[in-house]
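Please look over the sequence and the structure shown below before reading on. The briefing that follows takes up a few topics in turn, beginning with a question.

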Amino acid sequence: MNQEIRIKTKHFYVVLVILGFLLIYSLSSSRDCDENNQALEDPEFVAEREAFLPNQKGPTIYAITPTYSRPVQKAELTRLSQVIRLVPNVFWVLVEDADHNTDLVANLISRSGLQERSVQLFAKTPTNMKLQGKDPNWLKPRGVEQRNKALDWIRKHLAESGGRDRHSVIYFMDDDNTYSTDLFIEMSKIERNKVGVWPVGLVGGLMVEKPVLNRDGIVLGFNSAWRPERPFPFDMAGFAISSDLILDNPQAQFSYEVERGYQESELLRHLTIVHEMQPLANKCTDVLVWHTRTEAPKLDAEKLLIKSGKRSDDGLEV
Ligand code: UGA
Ligand code: MN
């Protein structure tokens, strides 16, 4: 009988100890929670988080993307759409090099949830200006027709929506480059009547092509190795433009008439001079965009399959 009581008492203590542990654990974890919440509200943490998130209140950035049909098109546009989704003040102006809008691009826009902040346009490059099969990519300018179409659309859109009073920014966002979300935070700092500039990685035969500043932070020129004699010797990915410059200078556009590598200069000569450009990206020391180029995939087996009347992507959008 005594032994039975002793066993019961022992059980009672074991249960008590377990309950005690559970109580201490639950109290300490709720305190952790509170501490976390407090940490989340810590002004320093809030500032850090907000600095990390793209500026939601910034000017609208019209990102102009010329794009054309090829096996990697959907992959390229998927990468771009996912950057744009992360930056709420970007409006995507997609211009297809085609004589009509395609389902592939329309599907991509709707699947990425960007219908409300994008427009799908088309402008076909004239056949005599289009690169043919084995042409080297530098033989003819790319994106001329499409970017001009986008500039027309933006000028009209801003005029109709009272955009003259509202400051916005225009950026040429090619479909194959690699963009950091931070780049758009930098662009949001572009002032009225200014062209913002920053370094571009992996372009012009260099690791980085960048504006050269003097001690007062004025742009003196560029470190370009390729055709440094150009008035603006740097890549399309390295600048963005305040909308009032685009509205005030309707003659500013791209042209087939200029030498290779002169598209940037052709547009910018109407808008600014080098010394007046606004250096961004930490006084032009941060690289936030890379002029990557996607290798054309080898599709030999696919070609054989097509010859035999089949294809691997039958009924699929790749
Ligand atoms: C370099 C620059 O980065 C471009 O901004 C510039 O337009 C080009 O040189 C030039 O001098 O014309 P690169 O990488 O050689 O660019 O050119 P791509 O990326 O092949 O083409 C630029 C844009 O035009 C891309 O968005 C591409 O999708 C589009 N494109 C290209 C077309 O719409 N149609 C084409 O037939 C080819
Ligand atoms: Mn490119």
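This is a predicted model: local features need pLDDT of at least 70, side-chain atom pairs count only at pLDDT 80 or more; totals for chains, interfaces and linings use all residues.

**Residues with a positive phi**

- Leucine 202 belongs to strand β7, which covers residues 200–203, and its phi is near 60°, a positive value in a residue other than glycine.
- Asparagine 282, which lies in helix α9 (residues 281–284), also has a positive phi, in this case near 55°.
- With a relative accessible area of 49%, asparagine 282 counts as partly exposed, because this value is not over the 50% that exposed residues need.
- As background to these two entries, most residues other than glycine have a negative phi.

**The manganese ion, ligand 2**

- The manganese ion (ligand 2) is coordinated by Asp176 (OD) and Asp176 (OD), at 2.2 to 2.6 Å.
- Aspartate 176 sits in the loop that runs between β4 (169–172) and β5 (178–179).

- A polar backbone atom of proline 66 lies 2.7 Å from an oxygen atom of ligand 1, while an N or O atom in the side chain of aspartate 175 is 3.0 Å from an oxygen atom of ligand 1.
- For aspartate 235, a polar side-chain atom is found 2.8 Å from an oxygen atom of ligand 1.
- Ligand 1 taken alone exposes 690 Å², and the protein buries 91% of that area.

**Aromatic rings**

- The count of aromatic pairs comes to nine, and one of them is the stacked pair of phenylalanine 91 and tryptophan 153, with 5.8 Å from centre to centre and 15° between the planes.
- This pair links distant parts of the chain, since phenylalanine 91 is in strand β2 (residues 90–96) and tryptophan 153 in helix α5, 62 residues apart.
- Phenylalanine 91 counts as buried because its relative accessibility of 14% is under 20%, whereas tryptophan 153, at 23%, counts as partly exposed.
- Phenylalanine 234 and phenylalanine 239 form an edge-to-face pair, at 5.6 Å centre to centre and with 85° between the planes, and both of these residues are buried.
- Phenylalanine 234 and phenylalanine 239 also belong to one aromatic cluster, which they form with Phe172, Phe222 and Phe254.

- Aspartate 244 lies in helix α7, which covers residues 243–248, and its side chain is joined to that of serine 242 by a polar contact of 2.4 Å.
- Aspartate 244 counts as buried, because its relative accessibility of 11% is under the 20% limit.

How values were computed. Residues are numbered from 1 along each chain as its sequence is written. Chains are lettered from A and ligands numbered from 1 in the order in which they are written. Side-chain values use heavy atoms; hydrogens and water are left out. Donors are N, O and S atoms within 2.8 Å of the metal (3.2 Å for Na, K and Ca); water is not among the atoms, so sites may look incomplete. Helices (H or I, at least four residues) and strands (E, at least two) are DSSP runs, numbered from the N terminus. A polar contact is a pair of N or O atoms within 3.5 Å; within protein, one must be able to donate a hydrogen and the other to accept it, and residues adjacent in sequence count only if both atoms are side-chain atoms. Accessible areas come from the Shrake-Rupley method with a 1.4 Å probe; for residues, only the protein chains shown count as cover. Rings of Phe, Tyr and Trp (its six-membered ring) pair if their centres lie within 6.5 Å; planes under 30 degrees apart count as stacked, over 60 as edge-to-face and the rest as tilted. Buried means under 20% relative accessible area, exposed over 50%, partly exposed in between (1.4 Å probe, protein chains only).
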